[in-house]
Amino acid sequence: MTQFPVLPAGVSAAAFARAVAEFSEIVGREHVITEPEKLAPYRKVYIAVPEDSVAPSAVMMPASVPEIQKILAVCNKHRVPIWTISTGRNIGMGSAAPAMRGEVILDLRRMNRIIEVDPDLASALIEPGVTYLQLKNHIEERNLPFWVDAPSPGPIVSPIGNTLERGHGYTTNQDHMYSFSGMEVVLANGDVIRTGMGPLPNCKSWQAFRSGYGPYIDGMFTQSNFGIVTKMGIWLTPVTEGAKSFVVYYGKREDLPQAVDTFRRLRLAGTISVSGSILSGLTLLGFGQRRSSFYAGTGAIPREEVDALLQQRGLPQWRVGGVVYGDEEETAIKLRKIKRAFEATGPTQVLIEDSSGVVPSWGEGDLASATGHLSLDAFRILNFIGGGGVMWHMPVSAMKGHYVEQLCTMSEDILRRFGFDYLSMNWCNDRDMHQTTGIFFDRTDPAQMRAAHDCYDALMQETSMAGFGNYRCSIHYMDKAAELFGPELRSFHRSIKRAIDPNGILAPGKSGIHI
Ligand code: ADP
């Protein structure tokens with residue numbers, strides 16, 4: 001066996017040894033990891049592939065942009081590919097692991113400075129290793145009236161990593177793709193560029209005006225392997241005068257289209273202030289309990305049994321959750337309108353303020369999340385089956401009742417075919433609905449691993465072909481996902497890649513992009 005049990009594809013052990021020695025000179029030996037036991041956390045995944053198939057060859061942790069530039073020169077010289085992570089959590093989508101075995105992980109955790117928080121503009125300029133919790137604490141220490149807009153794993157993940165994956169939070173800045181302004185990016189040749197207004201000397205609006213001048217290129221650095229993002233301007237949410245939540249319970253499966261259409265109308269009109277959620281009944285059970293505590297069988301729980309379980313526990317088939325912002329007077333008017341609109345659709349119940357405690361503080365349409373509270377509660381759902389396996393399928397539908405119903409029915413049927421239950425969180429925006437459906441499985445059981453793998457494939461393939469493309473996917477599926485979006489787009493991505501990274505050193509395979 002060589003000194004390195006895993007090597008990057010196409011790199012000899014001798015060339016890799018030289019590269020590692022040069023990386024060590026740049027960042028210090030203590031910031032380069034090659035020992036298998038220390039690499040273990042970087043290949044620990046929840047997805048249904050063996051850890052060895054996504055094992056990195058090494059990890060390095062630079063502390064500055066000049067160090068990254070020197071690292072890139074070494075990578076170009078020895079053709080060593082690197083996979084950049086900010087905090088590397090990406091839970092259920094690949095965690096810190098690279099798309100291709102052997103890539104060296106560029107872990108940016110040491111670059112964790114909050115460079116500036118602008119108290120007038122509610123914005124922050126940060127580095128990749130900064131977490132939402134760090135930013136929240138920083139804001140609170142300065143008594144600034146802002147919330148951070150964090151996703152479910154908020155306390156432990158980075159705004160930059162989440163934004164680059166087009167993640168979501170729960171306040172008014174929740175679509176992270178549209179709530180940042182300005183990036184600093186290191187390109188494969190070592191050039192450092194600034195996007196938006198950033199290139200101007202004495203720039204006064206880098207974190208304020210996103211578009212800049214000329215082609216808008218920021219999007220190119222999201223879900224891509226075109227650059228390493230080293231700074232980003234993140235928008236913060238001004239604390240609102242007040243906030244209230246509402247919950248609507250529907251008792252029948254067929255009620256879903258009405259729930260969706262009513263939500264859309266109220267959201268488009270601005271009556272509902274931020275995105276909300278529609279949860280399937282079993283999801284509510286899954287937040288609180290392990291499946292084996294209420295069902296002893298194997299395979300998917302039959303539909304009639306799910307219905308009976310929900311009924312016994314007073315749980316609905318669908319639970320709609322949403323939030324309104326404003327002072328007492330304003331929220332009262334909005335809630336009255338919301339109640340009236342939903343009541344006309346025949347739900348079981350419309351509750352103003354959910355105090356049932358069924359759903360933990362966890363995400364869209366939840367009052368705590370919508371008012372800047374950070375928590376890891378949502379991850380209680382990972383215990384539904386046990387055994388450490390989860391993969392998220394994330395298709396998008398237009399926010400129209402009959403489309404959403406089609407997608408939900410399809411997803412449930414596919415999951416059942418492979419023996420999995422339908423636990424689904426439907427994030428309701430104004431014009432689109434993102435579905436997050438979990439496949440929960442025991443990673444120690446080879447049969448479940450295979451079933452989960454094949455189920456993910458079927459979900460991706462079949463829902464995409466029905467017009468519900470995914471907006472984000474697991475590292476093991478990136479090539480196939482890119483194929484589903486067609487050869488023309490893929491070829492365009494490849495042309496850009498070849499032009500700006502001719503040696504293919506940045507994250508080969510990310511989003512299915514190779515040279
Ligand atoms: P989080 O921990 O916030 O979930 P990650 O650090 O795991 O996010 O990043 C998610 C993905 O985004 C990574 O797998 C990688 O493909 C990409 N990525 C993360 N940080 C950077 C960065 N600074 N520059 C370029 N791509 C990045």
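Reader: Which residues of α7 are buried?

Author: In this predicted model, the buried residues of α7 are G281, L282, T283, L284, L285, G286 and F287.

Reader: What makes helix α7 largely enclosed by the rest of the structure?

Author: Helix α7 spans residues 281-288, and seven of its eight residues are buried, so the rest of the structure largely encloses it. The cover over those buried residues includes β13 (276-280), α8 (303-312), β14 (318-325) and β18 (423-428).

Reader: Good, now to the helix packing. Why are α6 and α9 called roughly antiparallel?

Author: Helix α6 (residues 256-268) and α9 pack at an angle of about 155 degrees. Angles over 145 degrees count as roughly antiparallel, and therefore α6 and α9 get that name. Their axes are 10 Å apart, and the crossing is right-handed.

Reader: Which residues make the contact between α6 and α9?

Author: On α6 they are A259, T262, F263 and L266, and on α9 they are K337, I338, A341 and F342.

Reader: F342 interests me. Why is the pair of F246 and F342 called tilted?

Author: A whole-structure search finds seven aromatic pairs, and F246 with F342 is an aromatic pair with 5.9 Å centre to centre and 40 degrees between the planes. F246 lies in strand β12 (residues 243-250) and F342 in helix α9 (residues 328-343), so the pair ties together parts 96 residues apart in sequence. Both F246 and F342 are buried.

Reader: And what makes the pair of Y456 and Y477 edge-to-face?

Author: Here the planes are 80 degrees apart and the centres 5.6 Å apart. Since planes over 60 degrees apart count as edge-to-face, the 80 degrees of Y456 and Y477 settles the name. The pair links distant parts of the chain, 21 residues apart, with Y456 in helix α12 (residues 446-465).

Reader: How do you know that Y456 counts as buried?

Author: Buried means under 20% relative accessible area, and Y456 has 0% relative accessibility, so Y456 counts as buried. Y477 is buried too, with a relative accessible area of 3%.

Reader: Which residues do ring pairs link into a cluster?

Author: That cluster holds F294, F384, W392 and F440.

Reader: Finally, what makes you say that the charged end of K44 sits over the ring of Y46?

Author: The charged end of K44 sits over that ring at 4.9 Å from its centre, and the distance limit is 6 Å. Likewise, the charged end of R210 sits over the ring of F180, 5.2 Å from its centre.

Technical notes
Residues are numbered from 1 along each chain as its sequence is written. This is a predicted model: local features need pLDDT of at least 70, side-chain atom pairs count only at pLDDT 80 or more; totals for chains, interfaces and linings use all residues. Side-chain values use heavy atoms; hydrogens and water are left out. Rings of Phe, Tyr and Trp (its six-membered ring) pair if their centres lie within 6.5 Å; planes under 30 degrees apart count as stacked, over 60 as edge-to-face and the rest as tilted. Helices (H or I, at least four residues) and strands (E, at least two) are DSSP runs, numbered from the N terminus. Buried means under 20% relative accessible area, exposed over 50%, partly exposed in between (1.4 Å probe, protein chains only). A charge sits over a ring if NZ of Lys or CZ of Arg is within 6 Å of the ring centre and within 35 degrees of the ring normal. Contact means heavy atoms within 4.5 Å. Axes are lines fitted to C-alpha atoms, for helices over the stretch in contact, and angles run from 0 to 180 degrees between N-to-C directions. Angles under 35 degrees count as roughly parallel, over 145 as roughly antiparallel, 65 to 115 as roughly perpendicular and the rest as oblique. A crossing is left-handed if the near helix is turned anticlockwise from the far one by less than a right angle, and right-handed if clockwise.
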